[in-house]
Amino acid sequence: MIELTINGTRRRIEGDPAEPLLYVLRDNLRLHAAKFGCGLGQCGSCTVLVDGKPVQSCITPMAALAGREVMTVEGLGSANSPGSVQQAFIDEQAAQCGYCIPGMIARAEALLRADPRPSEAAMRAAMRPSLCRCGTHMRILRAVRRAAVAMGGGIVDPAEPVS
Amino acid sequence: MSGIARRDVLGGGGLVVLFALAGTGIAQEGGTSGGGEGTGAPPEVAPGLPGSLAEFPHLDAWIRIAPDGAATVFTGKAELGQGIGTALLQIAADELDLPLERVKLITADTGRTPDEGITSGSQSLQNSGTAIANAAANVRYLLAERAARLFGVAVDTLSTVNGFVRARDGRQASYGELAASLSLHVEARPDVRRKRVAARDHIGRDRPRRDIPPKLTGAAAYVHDMTMPGMLHARVIRGPAEGTRLTAPDFDAIARLPGIERVVRVGDFAAMLGPREWPLVQAMLAVGRMPWTRSEAPLPQGDLRDMIRALSTEPDVILMRDTVTLPSVRRVTARYDRPYLMHGAIGPSCAVALWQDGELTVWTHSQGVYPLRNALAELLDLPPERIRCIHREGAGCYGHNGADDVATDAALAARAVPGRPVKLMWTREQEHGWEPLGPAMVTELSAGVDANGRIAEWTHAVWSNTHSTRPSQAGDLLAGLEVGRGFAPSPPRAIPQPNGGGDRNAIPLYTLPRATITSMFVPQMPVRVSALRGLGAHMNVFAIESMIDELAAVAKSDPVEFRLRHLEDPRAIEVIRTLADRFGWARPKRERWRGQGFGFARYKNSGAYCAVAIEVRIEPETGATTVLRADAAVDAGETVSPDGLRNQIEGGIVQSISWTAHEEVRFDAARRTAFDWSSYPILRFDAVPLQMAVHVVDRPGQPFLGAGEASQGPAAAAFANAIARATGQRLRSMPLTAERVRLALAAR
Amino acid sequence: MALALVAVLAIFALWARAPTIAAIERPDPASFDRSEVVRGAALARIGNCASCHSVAGGRVYAGGTPIETPFGTIFGSNITPDPETGIGAWSYEAFARSMREGVGRDGSHLYPAFPYDRLRHTSDADLRALYAFLMTRDAVRAEPPANALIPPLGWRPVLAGWKLLALPRTGPQAPQPQLGALWERGRYLGEGLAHCASCHSPRGLLQQEVREQAYAGGWSDGWYAPPLDASSPAVREWTAERLYAYLRTGLSTAHAAAAGPMGPVTHNLARAPERDVRALATYYAWTMREARAARSEPVLPDRGAVAARAHPAGAALFRGACAACHEPGAPMMVAGRPDLRLGSPLHQDNPRDTVQIILQGLEPPVEPNGPYMPAYADTLTDTQIAAVTAYMRARWGSGPEWGDLEKAVADARAESGE
Ligand code: FES
Ligand code: FES
């Protein structure tokens, strides 16, 4: 049994300690934001925050999470009251199919917590582990910039103006 | 008062007057459903009606009004992430004169919506949007007619506002009450006019996409997210890639693994089922250890493009023109080609199926629920009426990927456990290993310019396999070939012009006095391929627009000026001028290793006009390309959602750069060697353009033109042309990787 | 007293200073022979010059690369022919002196992060080709950041002392015709320009390469560069063929993928002349000819059950975090990528490389479609990485258990600036 915090709630999870967090989130807890994309740590669509850092939940065993704090995109806000990063993504309409976007939001959230005024290069480097096949990248970057401004940080060298 | 401001005034819940019937029919023709990729679309029963109304003329197939006056709109098209869910609502709400929140959309569902074939070919707005717009105009008119009778006044004295029909004397009736005594099971009339452009509330305005907030906050938005009571998870058991099979699968060993409830086998088809996913994920390792072999003839070594070029063809001359002109003084002859490409959905294919009381329901992200149903009916020996295929979103698919195959896998698995829903998802390596690929293609062009710097002659031949193996029968489905019932795939066929498959967009829009354009259809298919976004347009536009630049160079002309010199279509000219202007084409920053490139096409020669300009900087030591800017201008006819259109064009450019610069499926003798994102890398954030802008040329009142695939070709060409300009080296073989640029520079 | 010290230092500085070589006009790129330039390009790849003289996303050879040393950070210099910020004003003599003696054109001493102790073995003809290559690059105006070194190392004259103590005084090596021309070429390149020993040998107190222990294994950028001599920990023989494949593609299917600082080396060698890479492979296969795997390749057992009993926490972590790629039957294995027991890291006498790969992951070294591994630095804690490392060593490795793994993880994090 593993005890951890998920979106601010303490949870005890029974089961195989090797089971990656992604399956526990989706199958046990019905938290569907994190998506299965590859199960190999290559695409980032399963990204969540663990202790504030971006982590691919498909390769994060429950055993690694005892006592740690998991935050999924559900924990950042809801459709009715979205969190700042979610709101920025909505404002920029930064999604096509949207499948990769929760992972992008988690990664952006982690970036802005660590670096509220990221440079353009830092932003692209931070987002690099996450893949998007629809080509929504430009909007995702706009949304990250917008969120940086909205969250009181800012942008250092806007390659594109915040629209 | 400007047009926009006027629309704003009227948009604020103002009255919209009704017009007497128009004397003429409605512009916008119906089209081949799905850009020709579909099979056996339903017959046109009312050819005078626009869009898909021609096949389904009854209004209640498209629109129903509830007693509370809210409307439900039905489309046979699917939301694939292209945003049509919201765009179609905008159209319906506008033409019905209802607030957006009071309209709801039902998408592709064989139990509820019209059969609009495949959602492909950038035709959703063209076909379904047009049908819905006109059906809605009809409904609004019928409601008004009903009110006219009620009030005893002439219909053209009435107006509508926000779900009410209002008379001049102030009397009004709600849509709900009017609809209660009105049958919408009537055929649409071709003479009902749509709203005046100026009176439209939603069309042409940005309305936030309805699907975005739930997708961004974790609502169960995708078929992958479905859960149902008693649901079992499943994985399919196959060899590692298309063309392989397991030689000695030990299913009993699998069945004994913890968490595996059962192994379903039908002939060589096998799937494992269990209540939770994790044990299945682990059991897949055991499957991976099973020996396998290639089941087809070994793949030839070397570049498969050369094999496609060498196989026997069924040539079809799609354009032959021979006007007497000046002779060419300079000629350019070149081969351009592209490798096999992957759709590469970020989420692997997935479906949920439920077999109950001898009926099957499948929730699928297939682009064609009706064709899938037909194929499943044959495979499962069920009458089609006993199968219902319901579209649920998946990750973006960009064409025919594993969606239909996985739906079949799920259906076969579900048949073994009646009453229990089964969710079957492919693994990442199955997606990479088994999805039908985008075909490799070869084009050979030869063209000449005359002494006046005009194109005098042009030949273009394109070698390609089919661009659609979308299922129409059981043998078109992977599992159909595994069940051991002798099903065979449909024979490969070329998609005829004007849509074209391999020859899509092979006919340039430019004025060519002498031209021969030939589709070299290659029936033999060394690897399974099917529709990938844009079909042949990506390759053909790349080739044509590269050649145009090569000709401009020998004619010593500016590439944009050279294009304009050969165009007559005013909309093409405007799109090119708009982009050249906004991009600052005429004032490039002159710097070593920096260059700008242009690309243009009208998708399918009947869809949206799109021009793309790209500026790159090259690092000569490594060949690495930085895309400094990528801008586009697009004319998609009447724009329903400008931001949605920009989103599609932006995405198309980024995806096209990924295809054109980075991607190639490689093979060994046994199979494709791409099995994950490390073996098939796609563009990442560090390589996307630094800046991008899309300029929309709106044409209110004009027919909608599909734009979902419009930027792939022009972006590919603009990229190649920019590299040529920056380096002086012309690369004609995709992918235009850093290493190829470096080698070209080193070989100078 | 203080005055005396200043005087001594001044005299020392005067003594330590080498003469300035007069600035020249940047030579006309067209004045260089084209074939010489092409040869120089190949040599620059073998020398792995770009790795220290470029930053990601910046212009190649324009410098700015931070190089971490135990004494602080040094930034790679701009070696493009920009007259002010690069080497545009350097004559060939100035260039050759820098490569051989570690002295800049202005007479100041260069830090030995620049491996002139190895580069000095390069022939005149090759140095001329390198010079021709560099002088025909684009001149890029770029001033690298100032070095950040602990005192008194910021004061360059002390380097003269370092050279006195640390620089080897060996003459040219005797030819060994019986070993063949390829071997000879491999030795020439490997011992000199390619400076393999700079990473693969231990360093002394002054960070000088310990020549007597050349190729006994060393440290580079927080990674362990395994021995290339008889003490090679490899469990599969490094034949010339396998080494060639490894250097050329970043992957030996009998061993592992190139990781850490070796990645860029293979990236460059993949683009170097084939024959030269064969030569290097021939030579280093020879230096490892007495290694244990060359005598007989050991059977490599999979002690899964034993390891899981000994390290249950590590086993669970492995199943959830690593098995999707590294367990037999995983897609990567089906595709023929080498399994973990083949790589040297689990057979080395220290856990550093295993830990670093877990922390930092792996970028494809040679081509974009190559081995990739996600970084686990944020996913797993030090304790967890220690546990999974212990489990893997027990399951597939050789040698005794590694001691104090948690500290090893913390050290590795500290050294890679985590
Ligand atoms: S699903 Fe976890 S990284 Fe792809
Ligand atoms: S929006 Fe579809 S994958 Fe990113």
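The exercises below concern a predicted model and treat two interfaces in turn.

**Exercise 1. Describe the interface of chain C and chain B by its extent, its polar pairs and its composition.**

Solution. 

Step 1. Begin with the extent. Chain C gives 26 residues to the contact, and chain B gives 26 residues. The two chains bury about 2,100 Å² between them, with 49% of this area on carbon and sulfur atoms.

Step 2. Turn to the charged pairs. Four salt bridges are counted between chain C and chain B. A salt bridge joins the side chains of Asp138(C) and Arg592(B), with an N to O distance of 2.5 Å. This pair meets the criterion because the cut-off between a side-chain nitrogen of Lys or Arg and a carboxyl oxygen of Asp or Glu is 4 Å.

Step 3. Count the polar contacts. Eleven residue pairs are in polar contact across the interface of chain C and chain B, both residues being at pLDDT 80 or more.

Step 4. Locate the elements on the side of chain C that touches chain B. Two or more residues each come from α2 (34-46), α15 (312-321) and α17 (331-334) of chain C. The largest share, three residues, is that of α17(C).

Step 5. Classify the residues. The side of chain C that touches chain B comprises twelve nonpolar, five polar and nine charged residues.

**Exercise 2. Which domains are assigned in chain B, and how do domain 1 and domain 3 of chain B meet?**

Solution. 

Step 1. Chain B is divided into domain 1 (3-213), domain 2 (231-295 + 343-434) and domain 3 (441-467 + 502-746).

Step 2. The centres of domain 1 and domain 3 of chain B, taken over C-alpha atoms, are separated by 36 Å. In their contact, 24 residues come from domain 1 of chain B and 24 residues from domain 3 of chain B. Together these domains bury about 1,700 Å², 49% of it on carbon and sulfur atoms.

Step 3. Two salt bridges are found across the interface of domain 1 and domain 3 of chain B. Arg200(B) and Glu638(B) form a salt bridge through their side chains, at 2.5 Å from N to O.

Step 4. Examine the side of domain 1 of chain B that touches domain 3 of chain B. The elements giving two or more residues are α2 (84-96) and α3 (124-151) of chain B. The largest share, four residues, belongs to α3(B). By class, this side has five nonpolar, 13 polar and six charged residues.

How values were computed: Residues are numbered from 1 along each chain as its sequence is written. Chains are lettered from A and ligands numbered from 1 in the order in which they are written. This is a predicted model: local features need pLDDT of at least 70, side-chain atom pairs count only at pLDDT 80 or more; totals for chains, interfaces and linings use all residues. Side-chain values use heavy atoms; hydrogens and water are left out. Contact means heavy atoms within 4.5 Å. Buried area is the accessible area (1.4 Å probe) that two parts lose on being put together, summed over both. A polar contact is a pair of N or O atoms within 3.5 Å; within protein, one must be able to donate a hydrogen and the other to accept it, and residues adjacent in sequence count only if both atoms are side-chain atoms. Ala, Val, Leu, Ile, Met, Phe, Trp, Tyr, Cys and Pro count as nonpolar, Asp, Glu, Lys and Arg as charged, and the others, Gly among them, as polar. Domain bounds come from an automatic or database domain assignment.
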